[in-house]
Amino acid sequence: MSHPKPTPIAQALNEQLEKAAPEILAMLSSYGRRLYFPKGIISQSAEAKQKAHRFNATIGIATEGKGPMALPSVAAQLGGIPAADAVTYAPPAGRPGLRQAWRKKLLLENPSLADRKFGEPVVTNAITHGLAVAGELFIEPGDVMLMPDKLWGNYKLTFEVHHGATIETFPFYKGKGLGPDNGIDTEAFARRLRELSQGREKILVLLNFPNNPTGYMPTPAEGDALAAALLDQAKRGTKVVVFCDDAYFGLFYHLGARSMTESLFGRLTGRHPNLLAVKLDGATKELFVWGLRCGFITFGPGRPESADVVCEVLDAKARGAIRGGISNVPQLSQSIVERALAAPGIDAERAAKCEVLRKRAERVYEVASQPRFAGSFSVYPFNSGYFMLVEVKGVDAEKLRVHLLDKYGVGLIATGAADIRVAFSCLEIEQIEPLFEALHQAIQELR
Ligand SMILES: Cc1ncc(COP(=O)(O)O)c(C=O)c1O
């Protein structure tokens, strides 16, 4: 399929990249190279907003007095949020105050970012959309993307079906069973990364921590080993683009051993010109507002000296992808999240919910590892997030799932031939033991 050539604005962005960080230009997909943010309605309206003090007849909304037209029946639903912060369009990169607030949050929660140069988070229609934008920018059909063999199934739709990448995996764990010896197989990761990079100029890597479906967050040593392998490959000359999917960030329970409490993004930003870190995160899980669809994409380039220019160019290209795809992310959602982040009680509220989930995780840890269940299933290491995964023994996971539903009224997710995912995030403490009891019973029955 032949595509139009990049327009002069896209070309100018690409030339800026070529000068500032040619490696990043080489990482872009052909669509990524064609992307730009047009001097169209949006940018002309933004200029008018600043300067058109007499009449502003630019943007496609309807106004009345000094604000947007709003039907009373709509305005009545908005609580304390003014119509101007709810029913109008948001800028394609998101509300400036929200972007700043999320950047501040990243710095507070990831101390290693303090001396790193990284971009202003661009607001996405939650993380799924952020992943899709990242794919649009960096994936050319046929590119290879490495990720753990325990993965969120939706990556297949986004990266394989939509963007045409080939997903390759590495064995995530050294072994099954809880305990410090069975963590991430970082050597397998490094080996697979080297193998797949052979003969390729570029490789994409996706790391999702805390992981879905296993609920695992690396220990600091594992985080160091993953970062070292990525840096090593970048030094060998491969262009390495790492998507850090931090959907469940902050829900750390340190079961078994202390895990990292920072994103890998901090260990990967500003490390090497051939290494680009792209952080995908959001309010969806962290602030428990799944349906508000509010997430972020943030760029962490390898060269600190030109990071400002690179982030500006990638910001413009991301805005172009958003403008051309969904136009912009709901203003009301962004206003709610921005105001919540500024609320004095937010940190304590988040900590309290994390504590509720931690207690459930601890109970699961205790119950699922009881020796009497060992003949039926083994538990993959977990310490964080919403989920845990078990490997069932001697039965097909899908048959077991259906049997559990039909006979016990228990709903779990089969993620592989022998793997079953339990979302303890939606179990009350007293439901946990009966659930694992039912799982054990059902396996015995099917054998
Ligand atoms: C690992 C992972 N990434 C991303 C998402 C999507 O999050 P969002 O609802 O923000 O699109 C999910 C949700 O299930 C997930 O588990």
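Student: What makes domain 1 and domain 2 the domains of this protein chain?

Tutor: The domain assignment (automatic or from a database) gives residues 8-39 plus 82-342 to domain 1 and 347-446 to domain 2. Residues are numbered from 1 along each chain as its sequence is written. By the way, this is a predicted model: local features need pLDDT of at least 70, side-chain atom pairs count only at pLDDT 80 or more, and totals for chains, interfaces and linings use all residues.

Student: How many residues does each domain bring to the contact?

Tutor: Domain 1 brings 26 and domain 2 brings 24. Contact means that C-beta atoms, placed from the backbone, lie within 7 Å. The domain centres, taken over C-alpha atoms, are 29 Å apart.

Student: What describes the packing of α7 and α13?

Tutor: Two packed helices are described by the angle and the distance between their axes. For α7 (126-138) and α13 (307-325), the axes come within 10 Å and cross at roughly 115 degrees. Axes are lines fitted to C-alpha atoms over the stretch in contact, with angles from 0 to 180 degrees between N-to-C directions. Helices are DSSP runs of H or I, at least four residues, and strands are runs of E, at least two.

Student: Which residues make that contact?

Tutor: V133, E136 and L137 of α7 meet K317, A318, A321 and I322 of α13.

Student: Why do β12 and β13 count as paired?

Tutor: Pairing takes at least two DSSP bridges. Two bridges join β12 to β13 (419-423), so they pair, running antiparallel. I413 stands opposite R421 in β13.

Student: What makes β10 and β12 edge strands?

Tutor: In the open sheet, ordered β10-β11-β13-β12, β10 (377-379) and β12 (413-414) each pair on one side only.

Definitions and conventions. Two residues are in contact if their C-beta atoms, placed from the backbone, lie within 7 Å.
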